[in-house]
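Here is a note for a colleague who is new to this structure. Please read the points with the model open beside you.

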Amino acid sequence: MTTLVIDGQGGKLGKSLVENIKKAFPQVELMAVGTNSAAAEAMRRAGADQTATGENPVLVACRRAQIIVGPIGIAVADALMGEISPAMANAVASSSAYRVLIPMNLCSTYVAGVNQKSSAIIDDAMEHIRQLLAQIEAPQ
């Protein structure tokens, strides 16, 4: 089971996601791709098994992952202050992976109904990933 975390800017959200996923699901192969080197380095230090930086690693990792996790902006062209290229957004949106997108009211995008603190949103995402992994890993 390969889980991909994508983040940009300083990588704060990605770092928190990597830490939480590694703690809760140590058996999961965790790839992290930063849209810049600072984000990639933050996620590497947080414990990602593999890290990379830039557009092409996002495109390749989206083809390999079963689960993609990150801020909602990773599926919106030109989001994260322009760090998400149209090709990156398309790779996330068209991937066969299951997407767990963290709602952030940034990047000229408002997600209605999002009034929680980011820690509560991450907790909710972790519970959803737990349920998803249980379904995927259950014997059929």
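**Notes on the model**

1. Start with a strand pair. Isoleucine 6 sits opposite valine 33 of β2. β1 and β2 run parallel, joined by 6 bridges. Strands pair if DSSP finds at least two bridges between them. Helices (H or I, at least four residues) and strands (E, at least two) are DSSP runs, numbered from the N terminus.

2. Some ground rules. This is a predicted model: local features need pLDDT of at least 70, side-chain atom pairs count only at pLDDT 80 or more, and totals for chains, interfaces and linings use all residues. Residues are numbered from 1 along each chain as its sequence is written, and side-chain values use heavy atoms, with hydrogens and water left out.

3. Next, β1 itself. Of its 6 residues, 6 are buried. Buried means under 20% relative accessible area, exposed over 50%, and partly exposed in between (1.4 Å probe, protein chains only). Thr2, Leu4 and Ile6 point one way from β1. Thr3, Val5 and Asp7 point the other way. In a regular strand the side chains alternate between the two faces of the sheet.

4. Which side chain of opposite charge is nearest to aspartate 7? The answer is lysine 12, 10 Å away. Lys and Arg count as positive, Asp and Glu as negative; His and the chain ends are not counted. Aspartate 7 is buried, yet has no salt bridge. A salt bridge is a side-chain nitrogen of Lys or Arg within 4 Å of a carboxyl oxygen of Asp or Glu.

5. Aspartate 7 does have neighbours. A polar atom of its side chain lies 2.7 Å from the backbone nitrogen of glycine 14.

6. Now the largest nonpolar core. The term means a set of buried Ala, Val, Leu, Ile, Met, Phe, Trp, Tyr and Cys residues joined through side-chain atoms within 4.5 Å. This core has 23 residues; Val5, Leu17, Val18, Ile21, Phe25, Val69 and Ile129 touch the most other members. Elements giving two or more residues include α1 (12–24), β4 (67–71) and α6 (118–137). The largest share, 7 residues, comes from α6. A second, separate core of 18 residues includes Leu4, Ala65, Ile68 and Met88.

7. Turn to the charged pairs. The whole structure holds 6 salt bridges. In one of them, lysine 22 meets aspartate 49, with the closest N and O atoms 3.0 Å apart. Lysine 22 is in helix α1 and aspartate 49 in the loop between α2 and β3 (50–53), so the pair ties together parts 27 residues apart in sequence.

8. Another pair is arginine 64 and glutamate 29, at 3.3 Å, N to O. Arginine 64 is in helix α3 (residues 55–64) and glutamate 29 in strand β2, 35 residues apart. Arginine 64 is partly exposed, at 40% relative accessible area. Glutamate 29 is partly exposed too, at 24%.

9. Arginine 130 and glutamate 127 form a salt bridge, with the closest N and O atoms 3.3 Å apart. Both lie in α6, 3 residues apart, about one turn of the helix. Salt bridges that share partners also join Glu41, Arg44 and Arg45 into one network.

Note on methods
A polar contact is a pair of N or O atoms within 3.5 Å; within protein, one must be able to donate a hydrogen and the other to accept it, and residues adjacent in sequence count only if both atoms are side-chain atoms.
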